[in-house]
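Here is a short exchange on how the labels given to a structure follow from their definitions.

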Amino acid sequence: MTSSGYAMIAQVRFRELKTRIGLAAFIAVTAWFMTQTLWSLGWFAAVIATQAVDWIVFRPLRRTPGLEPSTAYKVALCATAALSVIVYSAISAYLWTAGGDAGRLFAIIQVAGGLLHVSLHMHHVRPLLFSAVIPHSLYFLGLPIYGALAEGKPHEMLIAVGGVLYMMHLVVAVRQSSATMGALQSANDEARAERSKAEVASAAKSEFLAVISHEIRTPMNAVISAANLLRRTRLDREQREHVSMLLDAGDVLVGLLNDVLDLSKIEAGKMQLESSVVDLREKLGSLGRLWEPKAAANGVRMKIEIEPGVPDCVRTDPLRLQQMLFNLLSNAVKFTDDGSITVAVDWRDADNRLILAVTDTGCGIPPERLAHIFDSFEQVDAGTTRKYGGTGLGLAISRRLAEIMGGRLTAESVVGEGSTFVLSLPVEAVAKPAAEPRRRASSQKELQGKVILAADDHPVNRRILTLLLEPHGCQIVLVENGAEAVEAARSQRFDAILMDMQMPVMDGLEAAAGIRAEGLNRRTPMIALTANAMDVHRAAWDATGVHAFLTKPIDPVLLAATLAEACAAPVEERQSAVA
């Protein structure tokens with residue numbers, strides 16, 4: 001038997017020490033009532049002494065569970081267990097001889113209980129099991145045999161026969177218990193092994209997604225940014241259409257990539273929700289302005305109907321609310337060729353629920369497919385993908401987001417008449433915050449004359465940044481890695497810093513820490529501009545205190561606006577960084 005068996009028994013004996021002493025006290029009091037002598041008190045004192053020895057001898061195994069007992073130590077453990085049993089069950093011999101019929105019955109029951117106890121708790125280690133079982137058995141069978149032979153009571157031999165039968169049943173029970181424990185241990189070991197494999201697979205999946213996300217975003221940044229730059233040039237109608245196709249395809253690819261990452265986070269239980277005040281009418285208005293032109297292009301009218309009882313503002317996760325509504329509207333516009341799309345918003349006071357229903361007059365969903373539209377990668381039929389595109393992730397993500405937020409997303413549909421998707425979310429109605437004067441920076445003016453440090457190891461990305469930002473009148477200082485960025489930041493003060501994450505020589509996080517540690521740009525606004533878009537990457541950048549976290553492909557409008565906002569920070573704050 002390995003040391004783990006001895007260590008486990010040492011822990012069990014320690015946990016049950018108080019119980020054994022408590023039972024001994026009860027037995028001593030019972031024996032005193034039966035015999036009216038002080039022998040029971042002496043027996044109790046002997047039990048305390050042997051339990052103290054037991055505690056001392058087993059202590060090294062409790063303190064060091066991995067200890068491998070030597071042969072001599074194993075002998076000491078077995079001798080201690082045997083001594084404890086001999087003394088503990090000695091009261092049964094006294095009661096057998098001095099306690100009358102009640103004493104004999106009590107003695108047999110007490111020893112039978114001791115046999116059961118040690119058999120169940122010590123069967124993992126046979127030497128300890130035999131050391132405890134043999135003394136108990138000698139009392140259990142020896143007392144009736146002694147009564148039959150020495151006291152001339154042959155009928156008491158039947159008690160010994162019953163004892164043998166009891167011990168046979170006990171052996172069977174212990175074997176079954178041991179087999180069950182072995183099977184359970186094996187199952188636990190297998191479960192742990194499978195869990196370990198699953199964790200490794202999950203880590204590999206996350207790493208794979210991170211790598212794929214980075215590797216896809218990098219060339220997509222070149223494609224989409226080049227298309228945006230091309231659109232700024234003088235193009236004829238046919239060329240502008242080609243550029244629009246490029247940008248539309250790029251948007252689809254970015255959306256697909258984001259959907260896969262979101263689904264992965266949801267399945268891994270790592271989706272984190274934010275909580276802030278959302279102006280419902282402003283949010284719905286912006287979504288309407290985004291989707292109305294696309295619906296109108298299909299000859300479809302879009303209406304937004306908000307009931308009077310709907311609060312102006314609620315507290316929820318604005319990004320996820322927008323994501324769910326975006327997916328529902330995208331779905332409605334995609335599958336509606338004629339008629340209308342209606343967004344109806346209501347409020348339920350009873351449980352503070354926001355009810356948003358998106359109804360379309362599109363093709364509808366067959367009843368047999370309706371239950372599956374919220375499954376990942378599910379669409380109504382194979383032809384749907386060919387005709388309308390998409391992967392079927394939008395509705396799956398939306399339902400799971402709704403459930404994470406404590407709400408529901410349900411659907412009703414009639415083929416040929418249309419569909420209605422109802423999003424129900426528990427939210428907190430809040431007062432509309434007082435309007436704060438915001439300085440909206442004009443990127444064209446605010447970036448004029450600004451000096452921007454940009455660190456990126458990819459030459460195409462550096463070229464794109466130059467082409468996107470120089471028309472705003474700012475000066476771009478380009479470096480190829482984090483070490484060059486740190487060196488540049490030591491010799492020149494910048495108005496803002498753009499920092500990539502994965503770079504040779506020194507990565508962006510290390511460079512950010514170096515710049516923040518000392519020099520002219522300790523407080524210069526820093527913007528992470530990276531193809532690493534996972535939450536873990538965002539968290540790592542947040543820890544450095546970046547002004548903003550932007551992902552590739554670059555949104556030129558968002559990049560310019562973010563830089564303008566960063567450069568518009570109070571001048572005295574940046575100057576205070578100079579020692």
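Q: What makes up the secondary structure of the chain?
A: The chain has 21 helices and 13 strands. Helices (H or I, at least four residues) and strands (E, at least two) are DSSP runs, numbered from the N terminus.

Q: Why is the chain called more spread out than a compact globule?
A: The radius of gyration, taken over C-alpha atoms, is set against the globule rule, 2.2 Å times the number of residues to the power 0.38. The rule gives 25 Å for 579 residues; the chain has 39 Å, well over that, so it is more spread out than a compact globule. Along its principal axes the C-alpha trace spans about 125 × 70 × 45 Å.

Q: What are these values based on?
A: This is a predicted model: local features need pLDDT of at least 70, side-chain atom pairs count only at pLDDT 80 or more, and totals for chains, interfaces and linings use all residues. Residues are numbered from 1 along each chain as its sequence is written, and side-chain values use heavy atoms, with hydrogens and water left out.

Q: Why is the pair of Trp 43 and Tyr 88 called edge-to-face?
A: Rings of Phe, Tyr and Trp (its six-membered ring) pair if their centres lie within 6.5 Å; planes under 30 degrees apart count as stacked, over 60 as edge-to-face and the rest as tilted. Trp 43 and Tyr 88 are 5.9 Å apart centre to centre, with 70° between the planes, so the pair is edge-to-face. Trp 43 is in helix H3 and Tyr 88 in helix H4, 45 residues apart.

Q: How do you know that Phe 374 and Phe 421 tie together separate parts of the sequence?
A: The two rings form an edge-to-face pair, 6.2 Å centre to centre with 85° between the planes. Phe 374 lies in the loop between helix H12 and helix H13, and Phe 421 in strand S7, so the pair ties together parts that are 47 residues apart in sequence. Both Phe 374 and Phe 421 are buried.

Definitions and conventions:
Buried < 20%, exposed > 50% of the residue type's maximum accessible area, 1.4 Å probe, protein only.
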